Amino acid sequence: MSALTTLSSDLLSTFREDGYLILRQFAPLEMTERMLEVARRDVAELREPIEFEADVQYPGSPESLSAPGGKTVRRLRQALSRDPVFQEWVGWPPLVSILQTLLGTPVICPLAHHNCVMTKHPRFSSETGWHRDLRYWNFEQPELISVWLALGTETPENGCLKLLPGTQRMSFAADQLDEKQFLRCDHPANAPLLETTVHAELEPGDILLFHAQAFHAATRNYTEHTKYSAVFTFHGPRNRPLPGMGSARFPELVLPVV
Ligand SMILES: O=C(O)CCC(=O)C(=O)O
């Protein structure tokens, strides 16, 4: 099977309309299996840098690093520094070609955001509320796209990502969000929007592209098996992190044009 390398105008319109797009059987399984192997090794060895479930203190998180389950990994950070397979993935020509269509050339991968393998473990995973990734990012423009690659099956039972289509184009009143910029589920104005929830169910090798302004969330993992996903973010040539801010604390990878 050869990978999709160009986005049809229909797929492009879908992304622009909904703020997300799923491309099935996109990444070679041989590559996803190598990523999975590295992720399992690094979780087993607790190879830093790691974000633990206890660090985020979301509903379901262990209370502290020393509590039961405290050392449950949520995110293997800095994936690009863990193994060449991640560089192979972000520079993989079919992926870069699609990102070029969406973002222009060259495509740039910030090392400060995502650049990780997200893991969701059966016993100690947490609930991620509805949020936009841009709430804590600092760029000149909001135009960034994350690519979520399933390394295993992702379903509502194991905490797949959920999205609210079209929210990348919407504005929200301050009181629709809580103090941490999560969408308030008890706010009457948010109720109709929450009914539009879409679950991004994925199989290994499927990718979900989503805009940094698209609201998304996920539940904990209710199955017996850990879920693994490789996640990277990209922007185009006319966007830059704001100097002195968190998004500029790491360099960025400029991808060769394909
Ligand atoms: O898998 C999850 O719990 C959600 C992760 C997420 O939304 C994020 O890292 O921005």
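These legends describe close-up views of a predicted model.

**View 1. Strands β2, β3 and β5.**
Strand β2 covers residues 50-52 and strand β3 covers residues 73-76; the two pair in the antiparallel sense over 3 bridges. Within this pairing, F52 has V73 of β3 as its bridge partner. β3 also pairs with strand β5, residues 116-120, again in the antiparallel sense and over 2 bridges. Here R75 stands opposite M118 in β5.

**View 2. The shell around the ligand.**
M118, K120, T128, D133, G159, H216 and A218 surround the ligand. Two or more residues of this shell come from β5 and likewise from β11, residues 216-218. By class, the shell holds 2 nonpolar, 3 polar and 2 charged residues. M118 belongs to this shell and is also the residue of β5 that R75 stands opposite.

**View 3. The open sheet of 4 strands.**
The strands of this open sheet follow the order β6-β11-β8-β9, and their pairing is antiparallel. β6, residues 128-131, and β9, residues 198-199, stand at the edges; each has a single partner strand, so one side of each is left without a neighbour in the sheet. In a regular strand, side chains alternate between the two faces of the sheet.

**View 4. The pairing of β8 with β9.**
Strand β8, residues 162-163, pairs with β9 in the antiparallel sense over 2 bridges. K162 stands opposite H199 in β9. β9 is an edge strand of the sheet, and β8 stands between β11 and β9 in the strand order.

Notes
Residues are numbered from 1 along each chain as its sequence is written. This is a predicted model: local features need pLDDT of at least 70, side-chain atom pairs count only at pLDDT 80 or more; totals for chains, interfaces and linings use all residues. Two strands pair if DSSP finds at least two bridges between them. A residue is near a molecule or strand if its C-beta atom, placed from the backbone, lies within 6 Å of it. Ala, Val, Leu, Ile, Met, Phe, Trp, Tyr, Cys and Pro count as nonpolar, Asp, Glu, Lys and Arg as charged, and the others, Gly among them, as polar.
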